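Here is a short briefing to read alongside the model. Please have the sequence and the 3D view open as you go.

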Amino acid sequence: MGIKVIITHPNGNRRSEPVVLGFDTSLPHCDAALFHDADFNNLTEPMKRGQGERLMPLLEELLASEGLTWKDIELIAVGIGPGNFTGIRIAVAAARGLGLGLGIPVLGVSSFEAMLDPDGQSAGPSIMMSLPAPRDHAYVQHFRYGKPTSPPVDYDLENLPDDLQFPINTEVIGYEAEKLCLAGHASSWEARDLQKVAARIARRGYVLFNYERDWMPERPSPLYIRAADAAPPRDPAPVILP
């Protein structure tokens, strides 16, 4: 464990525990969580569209449920994907705007990082985290002691490379973990779904903010692994008359 510090908010408030707001719209939901007084409060609404209109009211409802205001927030942690292109942009843009307006740091957390368990085996020496991707693919990223060692890779699960070889003593965790484990000759595997996304994002922000000295996150950016699945229109283009 790190050294517990007293956080001084830009507005002058002093707390022994930071107030962290986490949210995510990279999946078909509007998901928000608040870390306050060593506990989490979470609000989640499933939705495929409308996150742009719903996100800010949801965050305000979450703050009100804890008797807090925007001025009490000391760190914002936001999901950066991979996931739905529009959803990622909505969350990242909102987080950047809030951070700028409130004068507080903003941390981008990938879905791979959110699925890690910092207190468990997935913080081990060699972990392959796997997430579901469109068209029977998987997004896979390698971690060593909880930190990524390389960019994510897009694997076609029906056509995995014949020479796929994961590092020695690697555990595969997540989507289609057994198939990837066998193909990459990993040592073990664990099936795991990404659950309580915003709470995991907020917790990661809390751990870094409360225990990492001289830490300042970079400006969050969307994590895109593949191009958008945008199909061309079926109708013929209009004829431009001279």
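A residue is called buried here if its relative accessible area is under 20%, exposed if over 50%, and partly exposed in between, with a 1.4 Å probe and protein chains only. The model is predicted, so to speak of local features a pLDDT of at least 70 is needed, side-chain atom pairs count only at pLDDT 80 or more, and totals for chains, interfaces and linings use all residues. Residues are numbered from 1 along each chain as its sequence is written, and side-chain values use heavy atoms, with hydrogens and water left out.

**Overall picture**

- The protein has 5 helices and 13 strands; helices (H or I, at least four residues) and strands (E, at least two) are DSSP runs, numbered from the N terminus.
- Of its 242 residues, 44% count as buried.
- The accessible surface comes to about 13200 Å², and 53% of that belongs to carbon and sulfur atoms; the areas come from the Shrake-Rupley method with a 1.4 Å probe, and for residues only the protein chains shown count as cover.
- Taking contacts (heavy atoms within 4.5 Å) between residues at least 6 apart in sequence, 58% join residues at least 24 apart.

**Nonpolar cores**

- A nonpolar core is a set of buried Ala, Val, Leu, Ile, Met, Phe, Trp, Tyr and Cys residues joined through side-chain atoms within 4.5 Å.
- The largest such core has 26 residues, and those with the most contacts inside it are Leu 21, Phe 23, Leu 34, Leu 59, Ile 73, Ile 76 and Val 78.
- Two or more residues of this core come from each of strand 3 (20-24), strand 4 (29-36), helix 1 (51-65), strand 6 (75-79) and helix 2 (85-102).
- Helix 2 gives the most to this core, with 6 residues.
- A second, separate core has 15 residues, including Phe 35, Ile 201, Ala 202 and Phe 209.
- As general background, nonpolar side chains tend to be buried together in soluble globular proteins.

- The structure holds 3 aromatic pairs; rings of Phe, Tyr and Trp (its six-membered ring) pair if their centres lie within 6.5 Å, and planes under 30 degrees apart count as stacked, over 60 as edge-to-face and the rest as tilted.
- The ring centres of Phe 35 and Phe 40 are 4.7 Å apart with their planes at 70°, so this pair is edge-to-face.
- Phe 35 is buried at a relative accessible area of 7%, whereas Phe 40 is partly exposed at 29%.
- Phe 35 also forms a stacked pair with Tyr 206, at 4.2 Å centre to centre and 25° between the planes.
- Phe 35 lies in strand 4 and Tyr 206 in helix 5 (residues 197-211), so the pair ties together parts that are 171 residues apart in sequence.
- Both Phe 35 and Tyr 206 are buried, and together with Phe 40 they form one aromatic cluster.

**Helix 4 and its surroundings**

- Which residues of helix 4 (residues 177-184) are buried? They are Ala 177, Leu 180, Cys 181 and Gly 184.
- Seen down the axis of helix 4, these buried residues fall within an arc of 105°, so they line one face of the helix; the arc is that of the directions from the helix axis to the C-beta atoms.
- Their cover includes strand 8 (127-133), strand 9 (137-144), strand 11 (153-156), strand 12 (171-174) and strand 13 (188-191).

**Backbone points to look at**

- Most residues other than glycine have a negative phi, and most peptide bonds are trans.
- His 185 sits in the loop between helix 4 and strand 13 and counts as exposed, at 53% relative accessibility.
- Asn 169 has a positive phi of about 60° although it is not a glycine.
- Asn 169 belongs to the loop between strand 11 and strand 12 and is exposed, with a relative accessible area of 58%.
- Gly 81 and Pro 82 are joined by a cis peptide bond, with omega of about 10°, and Pro 82 lies in the loop between strand 6 and helix 2.

**Ser 110 and the cysteines**

- Ser 110 lies in the loop between strand 7 (106-109) and helix 3 (111-115) and is buried, at 5% relative accessibility.
- Leaving out residues up to four places away in sequence, Ser 110 touches Ile 80, Gly 81 and Leu 223.
- The structure holds 0 disulfides, a disulfide being a pair of cysteine sulfur atoms within 2.5 Å.
- Cys 30 is buried at 0% relative accessibility, and Cys 181 is buried with a relative accessible area of 5%.
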